[in-house]
Amino acid sequence: MMGRNQTVISEFLLLGLPIQPEHQHLFYALFLITYLTTILGNGLIIVLIRLDAHLHTPMYWFLSNLSFSDLCFSSVTMPKLLKNMQNQLPAIPYAGCLTQMYFFLFFGDLESFLLVAMAYDCYVAICFPLHYSSLMSPKLCVGLVALSWVLTSSHAMLHTLLVTRLAFCEDHVIPHFFCDLSALVKLACSDTRVNELVIFIMGGLVVVIPFLLITVSYARIVSSILKVPSSRGIYKVFSTCGSHLSVVSLFYGAIIGLYLCPSADNSRVKETVMALMYTVVTPMLNPFIYSLRNRDMKGALGRILCRKVPFFL
C-alpha cells in the first residue's frame, strides 16, 4: 500500500451516476424536480409550524428540525450532482470534498438522532398520556435537539480530521456522486486502519444504537397496546406514530440495505440506488408522509391560507 506513488491531491473526480448518455437529460430533469420538491415540501412544513400556534408542541418541534435537516441533507449533494451532470469533467476541489463529506455526515447523523427523539415522544404520548406535558417539557425538547447537534457535529468533525491525515495517490476518481467517507478511505495510499476502526465503532454508535432505541420504543408501545387491545388504541398508535414509523422504515431500510447487506453483483449500481434512496428520495417523501397522513398539518395549512398571512414575516 505504501509502495503506490503518492501525490498532492488538489481535486477529486466524481464518477457520478451509472446513467447512459442518452438518458442523461431525462434523469437531470427528474433529479431537479425531486430537489425542488424537497426544498418546497420541507420549507412549507417549517413555515407552517412556525406560523401556526396549534403546532407549537414537542412533536412538531422535532418535525420542524427534521424538515430542516432533510432540506440541508439533500442540499449537500443534489446541487453538485445536478451541476456535474451538465459538465464533461465533474471535478470537486479537495477542500470542497472534505466540506461536503463533513456536512453529509452531520445532517445524516442529525436525522438519525432526531428520529430517536421523535420515537421517544411517541412512546411518552402513547404510554404516559396523563404525564405527557410534564415529561416532554420545552426544556427537555430543546435539550434533546441541542444534544443531537453537538453529537453529530463532533462525529462529523472526527471523521473529517482523520481523513485530512491521509495521503492520496494519483488515482483520484471517486466512484460515487458525492464525497463518500468510505470511498475516500479506499483511495488513500497511507495506513487507513485507524479510519476503518473509527468508522466501525462510530457507525455502531450513530446508526445501530439509534435504530435499537427506536425499535425498543415501538416494542414498548406495542406491548402497552396489547395489554388493553382495542380498535381505539390501535387507531391512536397509527394516528400518532404512523408517519414517524414510515419515515424510520424508509431511512433505515436504505441504510441497512446498503451497508449491512452487501452483494458482489452490480455492487456500484446497488450502492448508488441505495444512496439515492436515503439522500434524495427519503427527504423528498417525508413532507408528503407527514402532510398527507396528518390532520394537524392540513388544518394548519387551511388556517394559514384563510387568514391570508404574508409568506414572509
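Contact here means heavy atoms within 4.5 Å. In this predicted model, that criterion applies to the residues that cover one another in the account below.

The protein chain contains 10 helices and 3 strands. Along the sequence, these elements follow the pattern β-α-α-β-α-α-α-β-α-α-α-α-α. Of the 313 residues of the protein chain, 46% count as buried. The accessible surface amounts to about 16300 Å², and carbon and sulfur atoms account for 70% of that surface. Among contacts with a separation of 6 or more, 81% are between residues 24 or more positions apart.

The 3 strands form an open sheet with mixed pairing, in the order β2-β1-β3. Strands β2 (91-93) and β3 (173-174) are the edge strands, each pairing on one side only. Strand β1 (residues 11-14) runs parallel to β3, and 2 bridges join them. Within this pairing, Leu-13 stands opposite Val-173, and Leu-14 has Ile-174 as its bridge partner. On the β2 side, 3 bridges join β1 to an antiparallel neighbour. One of the residues concerned is Glu-11, whose bridge partner in β2 is Pro-93. In a regular strand the side chains alternate between the two faces of the sheet. Helix α3 (residues 94-127) lies across β1, β2 and β3, and its direction is at about 85 degrees to that of β2.

The largest nonpolar core has 83 residues, and the members that touch the most others are Phe-12, Phe-31, Leu-63, Leu-115 and Ile-174. Helix α3 supplies the largest share of this core, with 21 residues. In soluble globular proteins, nonpolar side chains tend to be buried together. Ile-174 also takes part in the sheet, as the bridge partner of Leu-14. Phe-31 touches Leu-17, Ile-19, Met-78, Leu-81, Leu-82, Met-85 and Leu-276, when residues up to four places away in sequence are not counted.

Phe-31 is also among the buried residues of helix α1, which include Thr-34, Tyr-35, Thr-38, Gly-41 and Asn-42 as well as Ile-45, Leu-48, Ile-49 and Leu-51. Helix α1 has 28 residues and reaches 40 Å from its first C-alpha to its last, close to the 40 Å expected at 1.5 Å a residue. In the loop between α1 (24-51) and α2 lies Asp-52. Asp-52 counts as buried because its relative accessibility is 1%, and the cut-off for burial is under 20%. Apart from neighbours within four places in sequence, Asp-52 is in contact with Ala-300, Arg-303 and Ile-304.

Helix α5 (residues 138-164) has 27 residues, and its first and last C-alpha atoms are 39 Å apart, close to the 39 Å expected at 1.5 Å a residue. The buried residues of α5 are Cys-141, Val-145, Ser-148, Thr-152, His-155, Ala-156, His-159, Thr-160, Leu-162 and Val-163. An α-helix has 3.6 residues a turn, so residues three or four places apart point the same way. The cover over the buried residues of α5 includes α2 (58-84), α3, α6 (181-187) and α7 (193-227).

Leu-181 is located in helix α6. With a relative accessible area of 9%, Leu-181 is buried. Leaving aside neighbours within four places in sequence, the contacts of Leu-181 are Met-101, Leu-105, His-159, Val-163 and Ile-199. Of these, His-159 and Val-163 are among the buried residues of α5. Leu-181 and Asn-195 are 14 residues apart in sequence, and their C-alpha atoms are 9.6 Å apart in space.

Ala-167 is found in the loop between α5 and β3. Ala-167 has a relative accessible area of 22% and is therefore partly exposed, since buried means under 20% and exposed means over 50%. The C-alpha atoms of Ala-167 and Ile-9 are separated by 8.5 Å, although these residues are 158 residues apart along the chain.

Note on methods: Residues are numbered from 1 along each chain as its sequence is written. This is a predicted model: local features need pLDDT of at least 70, side-chain atom pairs count only at pLDDT 80 or more; totals for chains, interfaces and linings use all residues. Side-chain values use heavy atoms; hydrogens and water are left out. Two strands pair if DSSP finds at least two bridges between them. Helices (H or I, at least four residues) and strands (E, at least two) are DSSP runs, numbered from the N terminus. Axes are lines fitted to C-alpha atoms, for helices over the stretch in contact, and angles run from 0 to 180 degrees between N-to-C directions. The expected span of a helix is 1.5 Å times one less than its number of residues. Buried means under 20% relative accessible area, exposed over 50%, partly exposed in between (1.4 Å probe, protein chains only). A nonpolar core is a set of buried Ala, Val, Leu, Ile, Met, Phe, Trp, Tyr and Cys residues joined through side-chain atoms within 4.5 Å. Accessible areas come from the Shrake-Rupley method with a 1.4 Å probe; for residues, only the protein chains shown count as cover.
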